[in-house]
Amino acid sequence: MSTPVLPLLGRGLAAGGAAGLAAGLFSLLLAEPVMDRAIRLEEARSAEEHAHGAAATAVQHHEELFSRSTQHFGLVVTAVVAGLALGVLFALAYALVHRRTGLAERPWPRALTFGAAAFVAVSLLPGLRYPANPPGVGDSGTVADRQALWLAAVVIGVLGMVLAWQVYVRLAGRPLPVRQVAVALTGVATLAVLFALPGNPDEVPVAATLLWDFRVLSLASHAVLWAVFAGVFGALGLRAAGRTAPAAAPVAA
Amino acid sequence: MSLHTAQHADTAAVESATTTTRDWLIMAAAAILAVVALYAVFMDNGTVVAATGDYLHEFAHDGRHLFGAPCH
C-alpha cells in the first residue's frame, strides 16, 4: 500500500509557511521590544565608551544598512523562509522514517511526535548548548568559529535523536522500562557530547534580566514554530486521509 | 468482487511504481533548495555569497539573533 510522497512535500511547505508566519508574528510582537531595548542599551554603552576615550575597537554593531523597521519586517520574512525550508526537510525525514509502514498511516499522532522530536533535536538541544544572544552580543571576529560550533550542535542534536529512535526500535523485544531507560541514557550521552564542545567565546555584556527574557522568547519562538508546524502538518494529513477513505470505501464494498 | 479487488491491486501497483524514483528525486532537489535557503538566511556573512554583501545578513539580522544563529 504505497502512498505518493509528493503530497507530503506539499503539506510540509504549507505547514512550514504557516508555522514560520506564526513564529514571525509572535516574535515581532513579543521579542522585538526586547531586541530594540538591547540595541538601545548597546548604543548607550558604546557612546559611553567613546566618551571615556576607550579604545575605538568597541563593538560597532550596525553599519545601518537597514532601518530598524526594515529589520523588523526582515524578522518575519526570515521566519517564513526558515519555516518553508524546515518544512521541506521535515517532510523528507518523515517520509524516510515512515517509508516502510505507509506514509498515510496515523497522520495526527505521528505529526505531533515527529514535531516534538524535531523541536528537541533542532531547537532545544542546540539552544541549551549555545543559547541565543540578543543584538549587541557577538564579536564579528569569532563568527566563523561560532557558526561551526552551532552547526555541530544542530548535527549532534539530530544524530542524538536518530540514535534514541533506533535504540527504542531495536530493543523492541525488551520490556518497556528497559527501552525507556536506554532512550534516556542516549539523551544523557547526547547532552554530554554537546557540552564537550567548546563554549561560546564571546563576552555577554548584557543585563541578566534582559538576557533571560530574550532567551526565553527565543526558545518560545522555536516552540511556536514547531507546535504550529506539527498541528498544521497533522491536520492536513488527516484531511488527505479523509479524502481518500470515502473514495476507497465503495471500491472495497 | 474479484474483478474489483484485482483492479484495486493494479492501481496500487502502478501507484507504487510511479511514486518512487521520480518523486524521491524531486524530494532530494527540494531538500537541497531548503538547505541553500537556510544557509542564506542563517549563515551568510556576505563573505561567502559575495554578491549579496552584508545586505542578506543585515536583513535577516533580527531573525538570526532570535533563532539563535551566530551573528556579528
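**View 1. Chain A as a whole.** Buried residues (20 or more other C-beta atoms within 10 Å of their own, with C-beta atoms placed from the backbone; exposed means 12 or fewer, partly exposed in between) make up 37% of the 253 residues in chain A. This is a predicted model, where local features need pLDDT of at least 70 and side-chain atom pairs count only at pLDDT 80 or more, while totals for chains, interfaces and linings use all residues. Residues are numbered from 1 along each chain as its sequence is written, with chains lettered from A and ligands numbered from 1 in the order in which they are written. Chain A has six helices and zero strands (DSSP runs numbered from the N terminus: H or I of at least four residues for helices, E of at least two for strands). Its C-alpha atoms fill a box of roughly 85 × 40 × 25 Å along the principal axes.

**View 2. The largest nonpolar core.** Here we're looking at 69 residues, and those with the most contacts inside the core are Ala19(A), Val88(A), Val228(A), Phe229(A) and Val232(A). Such a core is a set of buried Ala, Val, Leu, Ile, Met, Phe, Trp, Tyr and Cys residues joined through C-beta atoms within 7 Å. Helices H1, H2, H3, H4 and H6 of chain A, together with H2 of chain B, each supply at least two residues. H2(A) brings the largest share, 14 residues.

**View 3. Around Phe229(A).** Leaving out residues up to four places away in sequence, Phe229(A) touches Ala15(A), Gly16(A), Ala19(A), Gly87(A), Phe90(A) and Gly115(A). Contact here means C-beta atoms, placed from the backbone, within 7 Å.

**View 4. Where chain A meets chain B.** The contact takes 44 residues from chain A and 34 from chain B. On the chain A side, H2(A) gives the most, with 13 residues. That side divides into 27 nonpolar, 14 polar and three charged residues (Ala, Val, Leu, Ile, Met, Phe, Trp, Tyr, Cys and Pro count as nonpolar, Asp, Glu, Lys and Arg as charged, and the others, Gly among them, as polar).

**View 5. The bend in H3(A).** H3(A) bends by about 35° at Val120(A), taking the angle between axes fitted to the seven residues ending there and the seven starting there. Even so, this helix of 23 residues reaches 32 Å from first C-alpha to last, close to the 33 Å expected at 1.5 Å a residue (1.5 Å times one less than the number of residues).

**View 6. Asp213(A) in helix H6.** Asp213(A) sits in helix H6 of chain A and is partly exposed, with 18 other C-beta atoms within 10 Å. Asp213(A) and Glu203(A) are ten residues apart in sequence and 18 Å apart in space, C-alpha to C-alpha.

Note on methods: Contact = placed C-beta atoms within 7 Å.
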